[in-house]
Structures are given as C-alpha cells and as structure tokens.
Amino acid sequence: MNSINRKLIGDCLMELSDRGLQERVWMSSGPPEVSSFTEAVEQLFTDSGLEDALHSGKTGFGREAELVLLELEKQLGNVNTRLGAALIISDPAMRRVRELASSALGLIQKS
C-alpha cells in the first residue's frame, strides 16, 4: 500500500458528498471555513496521495472502493468548473458526484 492520507481523503469525500457543507464553505465570505470545488478535488486526489495509489490499485481500500473512486474521478470531470460556486453546486453533474463520494466514503470507512 502506498502512503496516503486517509483522514484527508475522508474529509474531502465528506465535503464532496454534502450539499449543505458545499454551500457553507464554497460560498463562504472568509475564514474560518473556506473551500472550493477545485480545492476539494485537488486535496482528494493530489494532496492526499490518492491519485497514484488509485491508479496502481494500491490504496488499501479494496477493489469495490477503488472502482467507485475511479468513477468519481471521471464524474468530477463532467462538472463545469468555469461556473461560480453556487452554479457548480447546482450543476446536474454534482448530484452524481455527491452520490459517488458518499458511496466511496462508506466503503472506505469499512476498510
């Protein structure tokens, strides 16, 4: 298993799965809670070390979780990131992102 930051992955999946949290932190006017769609995705795949581990099948989360994470990665590419935060949150592609992130979070918590 590669060295990945499981807590950061869980936190990012929680953020990507929760519309209310997205509205609160992505549309925030400043600290203490500030984030964005781009930041959540970057932290999930790059900062946590998940991307390399996922593409080599070495996350330690199990095959089912890895398949959901791969589908999530693909679905994230369908979100129109040129929109403002409110429109990103309401983007129809985000419904599936939230479903996949929630599913991945549940599978990871079991592993």
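The model is predicted, so local features need pLDDT of at least 70 and side-chain atom pairs count only at pLDDT 80 or more, while totals for chains, interfaces and linings use all residues. Residues are numbered from 1 along each chain as its sequence is written, and side-chain values use heavy atoms, with hydrogens and water left out.

The largest nonpolar core holds 35 residues; such a core is a set of buried Ala, Val, Leu, Ile, Met, Phe, Trp, Tyr and Cys residues joined through side-chain atoms within 4.5 Å. Buried here is under 20% relative accessible area, exposed is over 50%, and partly exposed is in between (1.4 Å probe, protein chains only). Leu 13, Leu 16, Trp 26, Phe 37, Leu 44, Leu 69 and Leu 72 touch the most other members. Helix α7 gives the most to this core, with nine residues; helices are DSSP runs (H or I, at least four residues), numbered from the N terminus. Beyond its neighbours within four places in sequence, Leu 69 is in contact (heavy atoms within 4.5 Å) with Leu 13, Phe 45, Leu 50, Leu 54, Phe 61, Ala 104 and Ile 108.

There is one aromatic pair in the structure. Trp 26 is in α2 and Phe 37 in α3, so the pair ties together parts 11 residues apart in sequence.

Ser 48, in the loop between α3 and α4, is buried at 3% relative accessibility. A polar atom of the Ser 48 side chain lies 3.1 Å from the backbone nitrogen of Leu 50.

Note on methods. Helices (H or I, at least four residues) and strands (E, at least two) are DSSP runs, numbered from the N terminus. Rings of Phe, Tyr and Trp (its six-membered ring) pair if their centres lie within 6.5 Å; planes under 30 degrees apart count as stacked, over 60 as edge-to-face and the rest as tilted. A polar contact is a pair of N or O atoms within 3.5 Å; within protein, one must be able to donate a hydrogen and the other to accept it, and residues adjacent in sequence count only if both atoms are side-chain atoms.
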